Amino acid sequence: MDWLVTVMEMGVKIITLPNYFVFIFIGLFIGVVFGAIPGISGLMAIILLVPFTYPLDIIQAMLLLTSTYCGGVFGGSISSILLNTPGAPESVCTTFDGYPMTRKGLAAKALGTAIECSAIGGFLSAVVMTVACAPLASVALSFDSPEYFALVFMGLCVVTSISGKSLVNGVIALFIGLFLASVGVSPIQGVPRYDLGFPQLRAGIDFIIVMIGVFALGEIFVRFETLSREESKKIEGKVGTNLLTIKEFLALKWTILRSFVTGTFIGFLPGAGATIASFVSYGMARNLSDDPGKFGTGVLEGVAAPETANNAATGGAMIPLLTLGIPGGGATAVMISAFMIKGLQPGPLVFMTNPELIGSIFVGMIIANLLIIIFGFIAVRAFTQFLKVPYAILASGITLFCFLGAFAKRNVMYDVWVMLIFGIIGYFMKKYEYPVAPLVLGMVLGPLAEDKFLSSLISYQNDFTIFFTRPISGTMIMVAFCFLMYPLVMMVWKKRRSANNT
Amino acid sequence: MREKHPRKGGKIDGDFFFCLALIIAACFLLSISSTTIKVDENSLGPFFWPKVILVGMLICGAMKLFFHLRKRKSISEDNHVNVPTNYKALIFAVVLTFGYFLGIVLVGYPIASLIFVIALSYLGGIRSIKLLASVSVGLTLITSILFVGVMYISLPRGVWIFYDITNWFFSLIKF
């Protein structure tokens with residue numbers, strides 16, 4: 001507890017300095033704008049912001065990225081409510097009741113609910129993150145190589161099994177990511193692999209370059225393919241915000257609390273994240289409601305549940321990143337790169353070596369989530385102006401930033417060409433429904449998985465059973481297999497049920 | 001608009017070729033998965049991990065192809081639903097992006113960006129000359145100021161006369 005107080009004091013001291021505090025504002029603004037505009041999510045904002053973190057110190061960089069993350073998750077609700085078009089995948093559920101409220105002339109109330117619930121969910125999960133990180137980090141310190149490998153294996157299996165419609169597509173994407181991560185010099189023996197005679201490939205393939213290509217450039221290509229078929233949408237009526245009354249808030253208190261707990265827990269699971277959190281919370285709110293039939297017609301619970309949960313997932317997702325150095329999703333994977341650029345490896349050791357950084361992240365996320373209220377109320381009207389910008393102009397701007405992001409890493413055009421190739425690969429992946437998250441996590445966690453796998457075998461005389469016989473790693477491997485088997489079991493069960501019905 | 005085309009034998013789509021390319025790539029990479037550098041005989045070797053991944057990729061790719069062919073057979077009797085796609089805009093967008101990156105090397109970042117923003121926005125349906133001009137100038141100026149003026153990143157300056165033009169432009173915006 002004393003450690004936590006000291007760390008928080010350090011964090012408060014740093015955050016109150018204007019040259020640090022300003023990055024929370026900038027991050028929130030960019031996150032909300034990017035989150036609000038359909039087709040460019042908060043995740044894309046985080047990816048495109050990475051080159052801007054090069055001249056910053058690690059605390060400024062993390063404040064910028066975490067605030068963008070929080071703002072991006074909230075921002076998606078604006079276009080969901082006003083346009084019936086989710087700005088980000090995590091805001092899909094908000095459209096179910098948010099847009100019907102707009103049609104009823106209750107847009108201001110829906111936006112007010114989204115702002116309040118996002119802030120509450122995000123704030124509470126940031127508090128949970130603050131309290132839970134230190135004990136988990138101390139547990140993580142006792143992990144040996146087999147446990148780390150099992151943990152990474154579990155994370156990869158979870159993200160693969162739940163990230164797409166097809167398990168095979170998810171596994172293929174994961175294998176592509178893992179293979180790309182193995183290009184370069186092998187971690188234990190230092191032997192060059194798959195350089196194909198290109199000296200540049202010996203340094204490996206940078207996952208940030210791949211992410212910029214697959215997420216940002218690939219998305220632009222996909223959108224251009226369908227651009228002519230898209231209809232421009234107009235915001236109906238005057239836009240404003242209207243707070244929940246005390247009576248309304250009290251009526252929603254259990255929905256908000258339940259969604260916060262669900263969101264934080266699901267956010268903590270590797271690969272699950274804000275999108276699944278919002279769907280699960282919406283489903284729970286509907287199933288536990290006295291009148292489930294009213295959901296979808298424009299009720300406050302239908303906005304409160306997903307908005308609380310998706311923002312609560314942000315704090316949950318930061319826990320495995322900070323305590324174990326393992327990202328649970330795309331946004332936290334990008335944050336790992338910010339650590340690496342500064343020569344830091346996120347994980348339990350950072351709690352001892354950089355307590356001021358940990359404190360700043362804790363305090364920064366708490367403040368960022370509180371600032372969502374101010375930002376939301378003041379700026380919803382301004383943000384709606386960004387929704388009117390034609391996609392072609394946004395795409396031009398994003399391509400410029402894609403180039404700059406890829407080029408600025410090492411000042412070489414080679415990275416830009418690699419990014420273009422992955423942009424085309426990303427287009428095909430999106431078109432044929434290969435989930436991108438397993439590819440990215442495969443690239444981020446591949447080197448760690450290989451290193452821990454081989455060092456475990458070296459330490460335990462090539463005994464493969466070590467991963468199954470140690471209690472923690474054995475349990476994690478079991479859980480991983482359960483997650484991998486889950487889609488197959490469900491498929492067989494559904495087939496049998498439909499066969500029985502016919 | 002969705003059109004229905006009755007087809008015989010289903011459709012071999014891009015996904016089929018994607019899987020085929022994956023299998024060929026995995027086979028090729030497996031064939032070069034060895035090293036002449038001597039490594040410790042007791043350890044698994046530097047190619048063990050990627051080989052496991054490549055074998056996994058091969059199996060999954062083969063499974064996907066198998067499912068694809070089976071599905072193809074099953075839909076051969078049904079009416080195939082075809083979703084029209086604007087490939088022209090897509091190909092133009094890819095070619096423009098390729099040309100932009102090539103142009104950056106030849107004419108430098110500012111000039112290439114000015115032209116690219118106008119071209120891509122036009123392709124995306126923007127026809128207002130004022131808007132095209134203001135957006136391209138605005139975006140090029142903002143990104144140049146941010147990256148060259150504030151972050152001191154040396155962006156490509158092009159060759160021949162373009163090098164001097166870009167140099168002059170960057171000297172104006174450097175703080």
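**Helix pair across the chains**

I listed the residues in contact (heavy atoms within 4.5 Å). On α17(A) they are A:M413, A:V416, A:W417, A:M419, A:L420, A:I424, A:Y427 and A:K431. On α3(B) they are B:Y87, B:L90, B:V94, B:T97, B:F98, B:F101, B:L102 and B:V105. I sorted them into 14 nonpolar, 1 polar and 1 charged, with Ala, Val, Leu, Ile, Met, Phe, Trp, Tyr, Cys and Pro as nonpolar, Asp, Glu, Lys and Arg as charged, and the others, Gly among them, as polar.

**Basis**

I am working from a predicted model, in which local features need pLDDT of at least 70 and side-chain atom pairs count only at pLDDT 80 or more, while totals for chains, interfaces and linings use all residues. Residues are numbered from 1 along each chain as its sequence is written, chains are lettered from A and ligands numbered from 1 in the order in which they are written, and side-chain values use heavy atoms, leaving out hydrogens and water.

**Interface of chain B and chain A**

I found 69 residues of chain B in contact with 61 residues of chain A. The buried area is about 5,500 Å², with 82% from carbon and sulfur atoms; this is the accessible area (1.4 Å probe) that the two parts lose on being put together, summed over both. B:F18, B:W49 and B:F101 supply 14% of what chain B buries against chain A, more than any other three residues.

I then looked up which elements of chain B give two or more residues to this side: α1 (14–31), α2 (48–75), α3 (87–107), α4 (109–123) and α5 (129–150). The largest share, 13 residues, comes from α2(B). The chain B side divides into 48 nonpolar, 17 polar and 4 charged residues.

**Within chain B**

I checked α4(B) against α6(B) (residues 160–173): the angle is about 90° and the axes are 8 Å apart. The two are therefore roughly perpendicular to each other.

Methods:
Helix = DSSP H or I, 4+ residues; strand = E, 2+ residues; numbered from the N terminus. Axes fitted to C-alpha atoms, helices over the stretch in contact; angles between N-to-C directions. Parallel < 35°, antiparallel > 145°, perpendicular 65-115°, else oblique.
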